[in-house]
Amino acid sequence: DFPMSIFENVAYALREGPGRRRRARRSELDAEVREALRRAGLHDEVADDLDRSALALSGGQQQRLCIARALAAKPEVLLLDEPCSALDPISTAVIEELIVGLRESVAVVIVTHNLQQAQRVADHVAFMHLGELVEYGSSEQIFQRPRQQRTRDYVSGAFG
């Protein structure tokens, strides 16, 4: 998060991203900021205090704020690198539920070393090892019927 208010964290994407509106007033951005916060599952928790510092939010809330900022730019693809690595199990569950819900409106690509998480949220999985794409397929195929020995070894816990 940026060291600014919750509102300004999301508005940053609108002012600095594609279709820039650098001089847009708060009132002009309010609806879009709130919509991004809703899509990220954070609006109801912060709606009455958008001027609060983003740094005062919990770790899970900060992660959802980062997702809201990304969603404000209306991406076709949302790339998330280890989105739950520093979160507790409850916050992780909230982020995973959010990811599943967002799949309806945006392609979501996550990088994770957490195999259980990949099984819970992924439609498709790419297994990479040392920068090489070893195998790609449906989540079910990769975890239940991997074709490559390295994939079988990794999903079985033989290495990793």
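Which residues in α1 meet which residues in α2? Ile6, Phe7, Val10, Ala11, Leu14 and Arg15 in α1 meet Arg26, Leu29, Asp30, Glu32, Val33, Ala36 and Leu37 in α2. Contact here means heavy atoms within 4.5 Å. By class, the contact of α1 with α2 has 9 nonpolar, no polar and 4 charged residues. Ala, Val, Leu, Ile, Met, Phe, Trp, Tyr, Cys and Pro count as nonpolar, Asp, Glu, Lys and Arg as charged, and the others, Gly among them, as polar.

The model is predicted, so local features need pLDDT of at least 70 and side-chain atom pairs count only at pLDDT 80 or more, while totals for chains, interfaces and linings use all residues. Residues are numbered from 1 along each chain as its sequence is written, and side-chain values use heavy atoms, with hydrogens and water left out.

**Overall layout**

The chain has 8 helices and 4 strands. Helices (H or I, at least four residues) and strands (E, at least two) are DSSP runs, numbered from the N terminus. Starting at the N terminus, the order of elements is α-α-α-α-β-α-β-α-β-β-α-α. The C-alpha trace spans about 55 × 30 × 25 Å along its principal axes.

**Helix packing**

Axes are lines fitted to C-alpha atoms, for helices over the stretch in contact, and angles run from 0 to 180 degrees between N-to-C directions.

| Helix pair | Axis distance | Angle |
|---|---|---|
| α1 (residues 6-16) and α2 | within 9 Å | roughly 100° |
| α2 (residues 26-39) and α4 (residues 59-72) | 8 Å | about 125° |
| α4 and α5 (residues 89-102) | within 9 Å | roughly 20° |

Angles under 35 degrees count as roughly parallel, over 145 as roughly antiparallel, 65 to 115 as roughly perpendicular and the rest as oblique. The helices α1 and α2 are therefore roughly perpendicular to each other.

With an angle of about 125° between α2 and α4, α2 is oblique to α4. Their crossing is right-handed. A crossing is left-handed if the near helix is turned anticlockwise from the far one by less than a right angle, and right-handed if clockwise. On the α2 side the contact is made by Ala36, Leu37 and Arg39, and on the α4 side by Leu65, Ala68, Leu71 and Ala72. These residues divide into 6 nonpolar, no polar and 1 charged.

The axes of α4 and α5 cross at roughly 20°, which makes α4 roughly parallel to α5. This crossing is right-handed. From α4, the residues Gly60, Gln63, Arg64, Ile67 and Leu71 meet Ser91, Val94, Ile95, Leu98 and Leu102 of α5. The contact of α4 with α5 holds 6 nonpolar, 3 polar and 1 charged residues.

**The largest pocket**

The largest pocket has a volume of about 820 Å³. On a 1 Å grid over the protein atoms alone, a cavity is a set of points where a 1.4 Å probe fits but cannot get out, and a pocket is an open set with protein on both sides within 12 Å along at least five of seven lines; lining residues have an atom within 4 Å of a point. Grid points are joined across faces, edges and corners, and a volume is the space filled by probe spheres set on the points.

The pocket is lined by 30 residues, and Ile110, Val111, Thr112, Val125 and Ala126 are the closest to its centre. At least two lining residues come from each of β2 (107-111), α6 (115-121), β3 (124-129), α7 (139-144) and α8 (149-156). The most come from β3, with 6 residues. The lining has 22 nonpolar, 6 polar and 2 charged residues.

**Single residues**

Leucine 133 sits in strand β4 (residues 132-138). Not counting residues up to four places away in sequence, leucine 133 touches Ala126, Phe127 and Met128. From C-alpha to C-alpha, leucine 133 and aspartate 88 are 30 Å apart in space, and 45 residues separate them in sequence.

Glutamate 82, in the loop between β1 (77-81) and α5, has a positive phi of about 45° although it is not a glycine. Leucine 130, in the loop between β3 and β4, is a residue other than glycine with a positive phi near 50°.
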